[in-house]
Amino acid sequence: MNLITSSIGQGLLWALLGLALFLTFRILNFADMTVEGTFPLGAAITVTAITKGVSPLIATLLGFLGGAAGGLITGLLYTKGNIPILLAGILVMTGCLSVNLRIMGGSNVSLLGQKTFFSAKIFQTLPRYFDSVLIGGGTIILITILIALFLETDLGQAFIVTGDNQMMAQSLGVNTDNMTILGLTLSNGLVGLAGALIAQNNGYADANMGIGIIVIALASIIIGEVVFGYLTLNQRLIAVILGSIIYRFVLLIVLQLGFSTNDLNLISAIILAICLMLPKLRHALKLDGILRKGVSQHGK
Amino acid sequence: MESKQAVLTLDKVTTVVNQHTPAEAKILRDLTLTINQGDFITIVGANGAGKSTLFNTISGLITPTAGRILHQGQEITHQSVEKRTSFISRVFQDPKMGTAPRMTVAENILLAKKRGERRGLHLRKLAAHKEQLREIATQMGNSLADKLDTPTEHLSGGQRQTLSFLMATIKRPDILLLDEHTAALDPKTSRKLMAQTSQIVTTQKLTCLMITHSMEDALKYGNRLLVLRSGQVVADLDNEQKTKLNLDELMATFNDTDD
C-alpha cells in the first residue's frame, strides 16, 4: 500500500514536469533541452534559500522564477540569436550546471532539519507518503486549471497557433517570437517549480538531479497519449498527469522485478523509445488489425 | 467617375534579395504603383517577374532596399509584418499555409476575427461565438458549417482554401492579397472558389490584388490588370482597356518576357 501511495505521490509531483514540457513539446512542437538545467536550478535556488531561512513558499516561488529566467534566455537565443532550439537549450542547460554549483556552493545541499512544505504539522498525523499526494495533487490541480484557462484566452490561442502554423500566426498579426519566448519562459518556470517541490520532497538538492529528466517528462506525455488516444486539449493535460502516474507504476514494477535504481535512466529511455515507436510498430506488426478482429469477435 | 482614393502606394520600390552574397539579385526595380480604393487587380507575369516579391514587400516580409511604401498617406516602409496585418490580409497558394491544422474550423475563424489586434488575457468565449461562426461558415458553403469542430487537417484542400479566404475577409482588410489561391485545387473546386472570391470582393467592395497564372481568370475577373516583367510594371490596364483586351493580345504582352 505504501508503495502505491508513494508512486501516486511521485507521479503527481513529477506530472508538473510533464505539463511544463507539454507546453513546448506538444504546443510549440520542439523538444526543449533547457529543462535539464532549469529543473536542478529551481531545486538549487529553493533549497539554498530555505537553508538561509527564507520561508518555503517564497523559496519555491524563487525556484519558479529561476527556471523562468533560464527559459527566457533559451527563448532569446532561439528567436533573436537564431540559434537552433536544440542547441540553445543545450547551451542554457550547460550554463545552468555551473550556476547551480555556485548557488549551492557545492554539489548538493541537504534540507535536514529545515522547514519545508512537506514538514508541515498536518502531514505528521497522516500516513506515510500522503504529504506528496496532497501537495503534488494540490499543486497539479491549481497549475492545470491555470494552464487550461490561459490556453482559452486570446493570448493562449495566439501561443497555440504559433506552434501549429507559424506562417499563419504571423499573417494574423501574432508576434510569434514573443509567443515562443513566452512559452519557453512559462514552461521552464514550471520546471523550476517542479524542481523546487521535488527537492523539498527528497530532502536535498543535487547538481546532477536534472540528468535524464526530459525523458521522464516526455514519457508521461507519450504514455498519456498512447493510453488515452484522441482527446481535446484540456483532456490531454489530464492525460499527461495520468501518464506520469502510470509511468511511476511501471518504474515500481521494474524495481520489484529486481532492477536497481541505477538502471532507471536506461529503463526510462527504453520505455520512451518503445512508446514513440508504437505508431510505427502497430502498423508493422498489424496490431491494429488483430485488436480490431478481437473486438469484433467479442461483439458477435 | 468619382476621384480615386489611394489605399497603398509603392514609390520607386527596389528590392534586392541575398544582398552582399554571390546570389544577389534585384527582384523589384524602381517599381511605382498606386492601388486605389475598390481596385480588384489581377496580376500576371512569368516566373521570376517579381509577383510574389511584390506581395512579400507589401505585406512586410521583405523590406525594400530603396523606395517608399505608403498606406493611406502614412509611410509604412519599415513597419513590421505583425503591424501591417491590421490592414492587410493574405491568402496563400498552399492550402496548408492559411489554416492551423490541429485547431478546429471554429477556432481558426475566431483567431482570424482578431487579425492584427492585441491579444491579451481575455477569454476567447468560443461557445458564445458558435452560432455567429456557424452563420458565417454557412454563407461560405462547402459544408464548412458542419465542420466547425473539425481540426482543419481533416478538411479537403478546397475546404481549407475556402476557409482561408473566409478568414482573410472576416475582418475587413484595407488590402486583400490573393497569391494564386486557387492554383493548388482541382479545376472544378478552383472555378467555384474563384467565382465566390469575385462575388465577395465585388459586393463588399474590397481592394484586392490577385496573382494568377490563368490568363482567362486574369481577363475575366477584376477591374484592373497588371503585367509584371523583370520587377517592373510593363502594362497597367484599367477596366475599359482590360475588357477590350483578348487572350492572344495578353499572351503577346506576356511572351516577350525573355529579354
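A residue is called buried here if 20 or more other C-beta atoms lie within 10 Å of its own, exposed if 12 or fewer do, and partly exposed in between, with C-beta atoms placed from the backbone. By this definition Asp30(B) is partly exposed, because 14 other C-beta atoms lie within 10 Å. The structure is a predicted model, in which local features need a pLDDT of at least 70, side-chain atom pairs count only at pLDDT 80 or more, and totals for chains, interfaces and linings use all residues. Residues are numbered from 1 along each chain as its sequence is written, while chains are lettered from A and ligands numbered from 1 in the order in which they are written.

The predictor gives the complex an ipTM of 0.90 and a pTM of 0.91. For chain B the average pLDDT (the predictor's confidence in each residue, from 0 to 100) is 91, and 97% of the residues score at least 70.

Chain A contains 13 helices and 2 strands, where helices (H or I, at least four residues) and strands (E, at least two) are DSSP runs numbered from the N terminus. The radius of gyration of chain A, taken over C-alpha atoms, is 20 Å, close to the 19 Å that the globule rule (2.2 Å times the number of residues to the power 0.38) gives for 300 residues, so chain A is as compact as a globular protein of that length. The C-alpha trace of chain A spans about 65 × 55 × 30 Å along its principal axes, and 49% of its 300 residues count as buried.

Within chain A, the axes of helix α3 (residues 56-79) and helix α4 (residues 85-104) come within 9 Å and cross at roughly 140 degrees; axes are lines fitted to C-alpha atoms, for helices over the stretch in contact, and angles run from 0 to 180 degrees between N-to-C directions. Residues that make this contact, defined by C-beta atoms, placed from the backbone, that lie within 7 Å, include Gly70(A) and Ile73(A) of α3(A) and Ala88(A) and Gly89(A) of α4(A).

In chain B, 4 strands form an open antiparallel sheet in the order β2-β1-β4-β5, two strands being paired if DSSP finds at least two bridges between them. Strands β2 (25-36) and β5 (74-75) of chain B stand at the edges, each with a single partner strand, so one side of each is left without a neighbour in the sheet. Strand β1 (residues 6-17) of chain B pairs with β2(B) over 8 bridges in the antiparallel sense, and Leu8(B) has Ile35(B) in β2(B) as its bridge partner. Asp30(B) is also placed in strand β2 of chain B, and its phi is near 50 degrees, a positive value in a residue other than glycine.

Strand β9 (residues 224-229) of chain B is largely enclosed by the rest of the structure, because 6 of its 6 residues are buried. Strand β3 (residues 40-45) of chain B and β9(B) pair in the parallel sense over 5 bridges, with Leu228(B) as the bridge partner of Gly45(B). By contrast, β9(B) and strand β10 (residues 232-238) of chain B pair in the antiparallel sense over 6 bridges, and Val227(B) stands opposite Ala235(B) in β10(B). The hairpin of β9(B) and β10(B) has 2 residues between the strands, and Ser230(B) takes a positive phi near 45 degrees there. Ser230(B) counts as partly exposed, with 17 C-beta neighbours inside 10 Å.

Notes: Contact = placed C-beta atoms within 7 Å.
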